[in-house]
Amino acid sequence: MTRKQYLATACLGLILLLAGIAAFLPQNHPDAKPDAFNPADLAWMLSASGLVLLMTPGLAFFYGGMVSKRNVISTMLQSFIALGVISILWYVVGFSLAFGDSIGGVIGNPMTFFMFNNVGTAPHARLATNLPLVLFAAFQLKFAIITPALISGAFAERIRFWGYLLFMCLFSLLIYCPLAHWTWHPDGFLFKWGVLDFAGGTVVHISAGFAALAGALALGRRHSHLEGHTHIPPNVPFILIGTGLLWFGWFGFNAGSALAANTTAVQAFFTTHMASAAAMLTWMMIEAVRGQRPTAAGAAIGAVVGLVAITPAAGYVSYGPALFIGVVSAAISAGAVDLKNKTTLDDTLDVFPCHGVGGIVGMILTAVFAKDGGLVTTGSWVLLTKHLGALAFISVFTFGGSYLLYKFTNLLIPIRVNAMHEADGLDLSQHGETVLPAPHEHLPVSEPKFVVRAS
């Protein structure tokens, strides 16, 4: 057998072992008492969880429309596969690491909810007391799924699939789960310090942005990038479809983070929409100011940047500041993309300038405009100082930690495809599939020939 077959056999054996343990290990799943919850809260959070899940296929279309036709399937699969991989990790130990009993405010006890033991329809005394714990865990799972999928845009068109799977697992367990614990667990040290992250601007977007930057540096430049080829998105309709799904799903992402059908959810719903709308228009106007024609791809990217930036602030700011956050984030991210294009950095789909920088802008402006403790609303610098300190710490942790994980992954599995596979495209070299027409489809259809026979 080849090395890939040995690896696949080991992974299959592990999945079978986990399935057997899950089926026969005695576990406790506490049930809720009758009428323990508000049905409106349950209905909204079930809907919000589904909306957040929709964002991952949306991201697949968004990214898939930007890469070359030889890499569409591989790029989209890098998002879709997170639905499977991260779900299993979350069930086994991820949820415990993120939301288990706190060990010093740094990490959750991996045995608290190991394989969802003690997770059932009953509420938890400290985690979303108005919801079944299993529903809270399912909602949080969707955030864990999309984060590594976001990173994949930075090294699209040059990463080995098996190396990506290993990195995804390591990132989720060693970067995402600790960061979620610090920020969202009641005993997490950033939570207790007073850092505000309503729906994941820090946990999801800043972490993905810096991991993307580390990935672009660790994997190096594509050969097409080295040769100075200008890349034009080949499938703009895919980008627009992906943006629509992301925008729609983001309402669950942000408004769902209220964890109830309440006025905070309503507030987050509208601030999310306003920031994205403002950012979309701002990005298009910037293109026009530069002497370019306004593009559909630019409008889509601007809308997503606005969604990113409002995420940490959605439930903490009012409507006017939300519009301001959308405008400022689009302007700064557009400038960051332009600056990146003048360097040798090969962040394929501009993950760091859009998600990383957008998340940074959102985190800072959350501290400026938050209704409670914001610089503008209260005149106090305390929250802003805390956010800047947390930003510095998180940036170093996510960039440095991710860079080490890429290097460690490469020791176990070569993470970069070779030059021939890169030239052929990852669709064929990694998956044996392609969206390109088969060779015979290029041949012209010959005209029918009529033969006149002599009588």
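Guide: A helix in this account is a DSSP run of H or I with at least four residues, and helices are numbered from the N terminus. The model is predicted. With that convention, alanine 303 is placed in helix 11.

Visitor: Where does helix 11 run, and how many residues does it have?

Guide: Helix 11 covers residues 296-310, which is 15 residues. From its first C-alpha to its last it reaches 22 Å, close to the 21 Å expected at 1.5 Å a residue.

Visitor: Is alanine 303 itself buried or exposed?

Guide: The cut-off for buried is under 20% relative accessible area. Alanine 303 has 1% relative accessibility and therefore counts as buried. Beyond its close sequence neighbours, up to four places away, alanine 303 touches Thr243, Trp247, Ser276, Ala279 and Met280. Threonine 378, by contrast, is 75 residues away in sequence and 30 Å away in space, C-alpha to C-alpha.

Visitor: How do helix 9 and helix 10 cross?

Guide: Helix 9 (residues 236-255) and helix 10 (residues 263-289) have axes that come within 8 Å and cross at roughly 140°. An angle over 145 degrees would count as roughly antiparallel; helix 9 and helix 10 are therefore oblique to each other. The crossing is right-handed. On the side of helix 9, the contact is formed by Trp247, Trp250, Phe251, Asn254 and Ala255. Helix 10 contributes Ala265, Ala268, Phe269, Thr272, His273, Ser276, Ala277 and Met280. By class, these residues are 9 nonpolar, 4 polar and no charged. Trp247, Ser276 and Met280 in this contact are also among the residues that alanine 303 touches.

Visitor: At what angle do helix 3 and helix 4 pack?

Guide: Helix 3 (residues 72-99) and helix 4 (residues 133-151) pack at about 130°, and their axes are 8 Å apart. Helix 3 and helix 4 are therefore oblique to each other, and their crossing is right-handed. From helix 4, the contact residues include Phe136, Gln140, Leu141, Ala144 and Pro148. The contact of helix 3 with helix 4 comprises 14 nonpolar, 4 polar and no charged residues.

Visitor: How is helix 2 oriented relative to helix 4?

Guide: Angles under 35 degrees count as roughly parallel. Helix 2 (residues 39-64) packs on helix 4 at about 10°, with the axes 9 Å apart, and the two are therefore roughly parallel to each other. In this contact, residues of helix 2 including Met45, Ser49, Val52, Thr56 and Tyr63 meet residues of helix 4 including Phe139, Lys142, Phe143 and Ile146. The division by class is 16 nonpolar, 2 polar and 1 charged.

Visitor: How many residues of helix 4 are buried?

Guide: Of its 19 residues, 17 are buried, so helix 4 is largely enclosed by the rest of the structure. The end C-alpha atoms of helix 4 are 28 Å apart, which agrees with the 27 Å that its 19 residues should span at 1.5 Å a residue.

Visitor: Which residues does histidine 181 touch?

Guide: Histidine 181 is in helix 5 (residues 161-184), and because its relative accessibility is 0%, it counts as buried. Leaving aside residues up to four places away in sequence, its contacts include Leu97, Phe99, Ser102, Ile103, Val106, Ile107 and Gly188. Phe99 also belongs to the contact of helix 3 with helix 4.

Visitor: Where is cysteine 354 found?

Guide: Cysteine 354 is part of helix 13 (residues 351-369). With a relative accessible area of 8%, cysteine 354 is buried. Its contacts, again without residues up to four places away, are Trp283, Ile301, Val305, Val308, Ser333, Val337 and Gly359.

Technical notes: Residues numbered from 1 in each chain as written. Predicted model: local features only at pLDDT ≥ 70, side-chain atom pairs only at ≥ 80, totals over all residues. Heavy atoms only, no water. Axes fitted to C-alpha atoms, helices over the stretch in contact; angles between N-to-C directions. Parallel < 35°, antiparallel > 145°, perpendicular 65-115°, else oblique. Left-handed = near helix turned anticlockwise from the far one by under 90°. Contact = heavy atoms within 4.5 Å. Nonpolar A, V, L, I, M, F, W, Y, C, P; charged D, E, K, R; others polar. Expected span 1.5 Å × (residues − 1). Buried < 20%, exposed > 50% of the residue type's maximum accessible area, 1.4 Å probe, protein only.
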